[in-house]
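Trainee: Could you take me through the aromatic pairs in this model, with a close look at how the rings are arranged and where they sit in the chain?

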Amino acid sequence: MKYKLLRLTCVVALLFSIHMQGQLKKDAQKQMDTYVSSLLKNMTLEEKLGQLNLVTPIARTGPFATKNASDKMKDGSAGNIFGLHGSPSSIHMRLALSENSRLKIPLLSGLDIVHGFKTVFPIPLGLSCSWDPALIEKTARIAAVEASALGYNWTFSPMVDITRDPRWGRVMEGSGEDPYLGSLIARAMVKGYQGSDLNDDTSLIACVKHFALYGAPEAGRDYNTADMSRLTMYQYYLPPYKAAVDAGAGSIMVSFNDIEGIPATSNKWLLTDLLRKEWGFKGFVVSDFNGIQELMNHGVAADLKEAAELSLTAGVDMDMVSEALIASLKQSVKDGHVSMDQINAACRRVLEAKYKLGLFTNPYRNYDPAKADLVSLTEENRKVAKDATLRSIVLLKNDKATLPLKKNAKIALIGPFANNQNEMFSSWTLKGDVPSVVTIYEGLKKQNPDITYVQGTQVSGDPGLKLKGEPFDAALQEELVAAAMNVAKQADVIVVVLGESSAMSGEARSRTDLSLPNCQSELLKRLKSIGKPVVLLLVNGRPMTLADDLPYADAVLDIWRPGTEAGSAVADILFGAYNPTGKLTMTFPRSVGQIPIYYNTKNTGRPYTEGTEGFFSSYIDQSNTPLYPFGYGLSYTKFIYGAITLNASVLKGNNANLTASITITNSGSYAGEETVQLYIADPVASVSRAVKELKGFQKVFLQPGESKKVNFTITTEELKFFNSDLNWDWESGTFLVYIGGNSQSCEKAEFVWKK
Ligand code: GLC
């Protein structure tokens, strides 16, 4: 009796607390509505338009800066600013300018905090290879704490654009090709930036970008058109944006591309019907850099005023840099082309964001330069950075167990990125602290002093590569290679650090040739000709076509752009203190001609089996298979997968559960962690489905000789897909479950599930 009473009491208490939380939420919403409504009532049309205006004093990430930005912040015609740089006091002085305006409405202060602030983590594409949402959330949290202490309250991140095309330079900013993993990471980053409450001084408003489909530009050329069926959008490209919205993201940034022939910036279906009506997004929508004015280039607006009216009507609330809204909408209201209701609605959403951040009570929140130094680049932050770099690194090749290296090996360290702090960052580390970077040379030397470093080569000798910087110098190249050969001949092992400079990937950095620059490949070949073990460390922002270079490297590690703790992490991996765990989140093609290439592809009506001849979906000059598949990553040890066992082979109805189990054994001599991946295929359905789709993963750590049974629970949720009516549902049928260490080599089992 007593137990029952206790249980009843707990249930009542739980229900009461849920009710109270709901009530508190309602009260807070009511308070905010009252405050913002009274402020709106007090504002002139000009002041309202000022809140829709986002300016930048420096053109670091776009074609131009705002003229007289400071004056506009003073008079309230610029209610938001991004890209503030310089000393903390200059940032604060600029933020304080809004105190001169009549209503003293505080500013949103945004910045591209993409993979860290002062403490810099691997680029997002590298981070995603950790398959560790909790770790990724931690990196976003650290970035928020460091940035908010210097007055930023809004970050233009996470970038969640799904992409299957490594020619596009911005793949480095995203989480690769898979919607399931991309959604987990999108959610984690929003939670990391925003924390549990935007009112917390260390929170930043997240800005999910680029909505939508920016990762699918035709020909991989940045800003180009993106054209696909709604079915493909919903199944593969939209889920991470939706996950970020569901995680409570406070803002969305519109993409530059057009969708179904209408630029995203003026696409009402996208910004209102889908984002607000279907998904229930409550935050505000900001255009990307000059995106509103560019509606004229897209050919859907004859002038700036029409562009402003189209974008506001479509659902844009804030204008990044083009100043179209503030210049045109007063007349547009007079002409009856837009209504005050539309302007009030947009202004309300911006003011609500400022209210949620607590800016009306404390415009400078967490701003404290002295504190900023105390919370930035702390030991703990650097520890997380090192862990993130360790987990982002992918072992692509390790012939003859070349790695790990002996600590007493005489090492020749060669390459233009091997002792270069800047090159451990990307084009999006605007506030990264360069002097604190541990270069690869410093990291290795700390663990093995018997190391000699030489540059070995210039980055690129390709005159066609449109990059600022020194023109290629043939005489210098000869000297560099000669010095490298000399050092290499005296070493036991050659570690060569090659790949892309930070200027070769990122925004407006599409490439048609994804191989190593010729001068780098030539050096690699020369070094291998010496006959000693060669370890290639790849510094890159995208999958690259390495097939021709692979024969000249015994081991290959993809270290991406590894961030602040580059050298300490690389040293731990090279000398075996950490056994690599990274798994690719984007397919590496054998050649550019295979692009777009991705794992969750369709079977087609004429599926091809490697090595067969005839009328199949294949090439006459290349294999269909990738160089490295999605989910791929080696370890210093070997994981053996047993057969899949299912606790049922026929299931019925929505509420049934299937358990798929598999035993993994570490058959090698190193302890290691494996990311066990679960894929599901639906071979017969009302629409043709991908050959497999990632539906789960688990990490297992195994000592040498140890085995563990891994269980995956499968419900009808894992069987669902968007059907031709765009309904998210599952259908009866036979399904295949795949479990393995990458998307290509899996164990398989079959089950039937009936409605
Ligand atoms: C750029 C980028 C966007 C960035 C913005 C502000 O053009 O497309 O990702 O956040 O401008 O820097």
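Mentor: Helices, of at least four residues, and strands, of at least two, are DSSP runs numbered from the N terminus. In this predicted model, the chain has 20 helices and 27 strands on that basis, and its radius of gyration is 27 Å, close to the 27 Å that the globule rule gives for 755 residues, so the chain is as compact as a globular protein of that length. Buried residues make up 58% of the 755 residues, and residues 24 or more positions apart account for 79% of the contacts with a separation of 6 or more.

Turning to the rings, the structure holds 29 aromatic pairs. One of them joins Phe-82 and Phe-156, whose ring centres are 5.4 Å apart and whose planes meet at 65 degrees, so this pair is edge-to-face, the class for planes over 60 degrees apart. The pair links distant parts of the chain, since Phe-82 belongs to strand E2 (residues 80-82), while Phe-156, 74 residues away, lies in the loop between strand E4 (154-155) and helix H7 (179-194). Phe-82 counts as buried at 3% relative accessibility, and Phe-156 is likewise buried, with a relative accessible area of 1%.

In the pair of Phe-735 and Phe-751, the ring centres are 5.6 Å apart and the planes are at 20 degrees, so the pair is stacked. Here Phe-735 sits in strand E26 (residues 733-740) and Phe-751 in strand E27 (residues 746-754), 16 residues apart, and both Phe-735 and Phe-751 are buried.

Returning to Phe-82 and Phe-156, they also belong to one aromatic cluster with Phe-64, Trp-154, Phe-284 and Phe-289.

Technical notes. Residues numbered from 1 in each chain as written. Predicted model: local features only at pLDDT ≥ 70, side-chain atom pairs only at ≥ 80, totals over all residues. Heavy atoms only, no water. Rg over C-alpha atoms; globule rule 2.2 N^0.38 Å. Buried < 20%, exposed > 50% of the residue type's maximum accessible area, 1.4 Å probe, protein only. Contact = heavy atoms within 4.5 Å. Phe/Tyr/Trp six-rings, centres within 6.5 Å; stacked < 30°, edge-to-face > 60°.
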